[in-house]
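Morning, everyone. Please put the structure up on the screen, and I'll walk you through it.

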Amino acid sequence: MNKLAKEYDGKATFLCINTRGIPDAKSYKESKGLNEPALLHGAVRPPEEYGLRYIPHKVVIDKGGKVVKNFEGVNLAEDVKAVV
């Protein structure tokens, strides 16, 4: 995700959402080597539209806010390129 965040800087936003709190989010980010500042973290329940079923969970949302791909078969490199 670091590579994609750098590649799409200013064109896409990558969010890492953690439902257990900011300290846990920071710990997860560090443990996965996610050091790109553009990788934002949240500590709240994501919107229902994301259809969160599992953790980790990936969702691709287009510029208009429409969920275009949700969990099953998400390939961030290909899917982000398609919606940017």
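First, a definition: helices (H or I, at least four residues) and strands (E, at least two) are DSSP runs, numbered from the N terminus. By that count, the protein has three helices and four strands. Along the sequence, the order is α-β-α-β-β-β-α.

Now a caution. This is a predicted model, where local features need pLDDT of at least 70, side-chain atom pairs count only at pLDDT 80 or more, and totals for chains, interfaces and linings use all residues. Residues are numbered from 1 along each chain as its sequence is written, and side-chain values use heavy atoms, with hydrogens and water left out.

Next, overall size. The C-alpha atoms fill a box of roughly 35 × 30 × 20 Å along the principal axes. What about contacts, meaning heavy atoms within 4.5 Å? Take those with a separation of 6 or more: residues 24 or more positions apart account for 40% of them.

How much of the protein is buried? Buried means under 20% relative accessible area, exposed means over 50%, and partly exposed is in between, with a 1.4 Å probe and protein chains only. Of the 84 residues, 26% count as buried.

Let's zoom in on one residue, Lys32. Lys32 sits in the loop between helix H2 (22–31) and strand S2 (39–42). Is Lys32 buried or exposed? Its relative accessible area is 53%, so Lys32 is exposed.

Terms used:
Contact means heavy atoms within 4.5 Å.
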